[in-house]
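Please keep the sequence and the coordinates at hand while reading.

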Amino acid sequence: MVKIKKAVIPAAGFGTRFLPATKSQPKEMLPIVDKPTIQYVVEEAVEAGITDILMIIGKGKRAIEEHFDRNMELEYQLEEKKQFELLEEIRCITRLADIHFIWQKELNGLGDAIRYAYHHVNREPFAILLGDTLIESNDGSVTRQLIKVFETYQSPVVALEEVDRKLVSRYGIMDGEPVKDNIFRVNAFIEKPSVEDSPSNLAIASRYIFTPEIFGFLDKVTPGKNNEVQLTDAMQMMLREHEMYGLKIDGTRYDIGNKLDFLKTNVIYGLKREDLGAEFRSWLEDFIAGSLSK
């Protein structure tokens, strides 16, 4: 049985939806409470048993490399101050996985970013996790769930999120047939369909397992919107020759590149913190009560 041993995390975009905060820092480094978004993404891959990770980065993304590298001066300072718990936490970041970096020379879309992984994946199946999106699932790592589906069907798998049917025109939507539980055999992907024409309300949700054949289709696909290579277009082309499956996730997706989602996510994650949650909840309740009384 073919195993998934590698993951690719695209993180090269400018993050224009979050300007001006992303003018000089990567959107993937925006913190959820006290941890950068992309660290959560790496931890999801590691939880799925993947420790060989390639990040596709671009201009202004050097902070991502530095975050996963050692900072000897900082470690020395923490050791001198006997802040050993924090020191170990910092060191653990550098031991999470074997992380490699490659630069996307021009921002030509997600599909183009994935093409940069061709040599790294070495004709093996691999996972893709978008670097600006978190997924909380009631069943643990979504990437691990996708890997289990891949191991069963030995075919590409995409995570699917159930969205409000009124909002389907914002997403790439799956047309497919249920196979078992929350697993679907995909017939087609429709990019941003109208409410009337949408075959379902299951949207592509930022996590994928691909076989290496995807690279051939990425090379063939014609640039689409904004003259960019669209991953969804390559997936649609791939469906003509290969089976593909979708897994409806039991959980919630957070798009950190979206300002409102970013605020919501910080509140949700903050409330769950053992060291902050109770005090934060108390303050939040008082603040809301005070706002309502005005």
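## Packing of H3 and H4

Are H3 and H4 roughly parallel or roughly antiparallel to each other? The model is a predicted one, and in it the axes of helix H3 (residues 72-80) and helix H4 (residues 84-94) come within 8 Å and cross at roughly 160 degrees. Because angles over 145 degrees count as roughly antiparallel, H3 and H4 are roughly antiparallel to each other. The crossing in which H3 passes H4 is left-handed.

On the side of H3, the contact is made by Leu-74, Glu-75, Leu-78 and Glu-79, and on the side of H4 by Phe-84, Leu-86, Leu-87, Ile-90 and Arg-91. By class, the residues of this contact comprise 6 nonpolar and 3 charged, with no polar ones.

## Aromatic pairs

The structure holds 10 aromatic pairs. One of them joins Phe-126 and Phe-215, whose ring centres are 5.5 Å apart and whose planes lie at 20 degrees, so the pair is stacked. This pair links distant parts of the chain, since Phe-126 belongs to strand S6 (residues 126-129) and Phe-215 to helix H8 (residues 214-220), 89 residues apart. Phe-126 and Phe-215 are both buried. Ring pairs also place these two residues in a cluster, in which Phe-126 and Phe-215 are linked with Tyr-118, Tyr-208 and Phe-210.

A further stacked pair is formed by Phe-280 and Trp-283, with 6.2 Å from centre to centre and 10 degrees between the planes. Both residues lie in helix H11 (residues 277-293), where they are 3 residues apart, about one turn of the helix. Phe-280 is partly exposed, with a relative accessible area of 24%, and Trp-283 is likewise partly exposed, with a relative accessible area of 47%.

How many of the residues of helix H1 (residues 37-47) are buried? Of its 11 residues, 8 are buried, and the helix is thus mostly covered. The buried residues of H1 are Thr-37, Ile-38, Gln-39, Tyr-40, Val-41, Val-42, Glu-44 and Ala-45, a list that includes the charged residue Glu-44. After H1 comes Gly-49, with a positive phi near 95 degrees.

Thr-265, found in helix H10 (residues 259-272), is buried, with a relative accessible area of 0%. When its neighbours within four places in sequence are left aside, Thr-265 is in contact with Ile-32, Leu-134, Tyr-254 and Ile-256.

## Backbone geometry in the loops

Most residues other than glycine have a negative phi, and most peptide bonds are trans. Which peptide bond is cis, with omega near 5 degrees? The bond in question runs from Leu-19 to Pro-20, and Pro-20 lies in the loop between strand S1 (6-11) and strand S2 (31-32).

Positive phi values in residues other than glycine are found at Lys-82, where phi is near 60 degrees, and at Arg-123, where phi is also near 60 degrees. Arg-123 sits in the loop between helix H6 (118-121) and S6, and with a relative accessible area of 55% Arg-123 is exposed.

Glu-243 is placed in the loop between helix H9 (231-238) and strand S12 (245-248). At 42% relative accessibility, Glu-243 counts as partly exposed, because that class lies between the limits of 20% for buried and 50% for exposed.

With which residues is Glu-243 in contact, leaving aside its neighbours within four places in sequence? The contacts of Glu-243 on that basis are Ser-155, Pro-156 and Arg-185. As for Ile-128, 115 residues apart from Glu-243 along the chain, the C-alpha atoms of the two residues are separated by 18 Å.

Notes. Residues are numbered from 1 along each chain as its sequence is written. This is a predicted model: local features need pLDDT of at least 70, side-chain atom pairs count only at pLDDT 80 or more; totals for chains, interfaces and linings use all residues. Side-chain values use heavy atoms; hydrogens and water are left out. Axes are lines fitted to C-alpha atoms, for helices over the stretch in contact, and angles run from 0 to 180 degrees between N-to-C directions. Helices (H or I, at least four residues) and strands (E, at least two) are DSSP runs, numbered from the N terminus. Angles under 35 degrees count as roughly parallel, over 145 as roughly antiparallel, 65 to 115 as roughly perpendicular and the rest as oblique. A crossing is left-handed if the near helix is turned anticlockwise from the far one by less than a right angle, and right-handed if clockwise. Contact means heavy atoms within 4.5 Å. Rings of Phe, Tyr and Trp (its six-membered ring) pair if their centres lie within 6.5 Å; planes under 30 degrees apart count as stacked, over 60 as edge-to-face and the rest as tilted. Buried means under 20% relative accessible area, exposed over 50%, partly exposed in between (1.4 Å probe, protein chains only).
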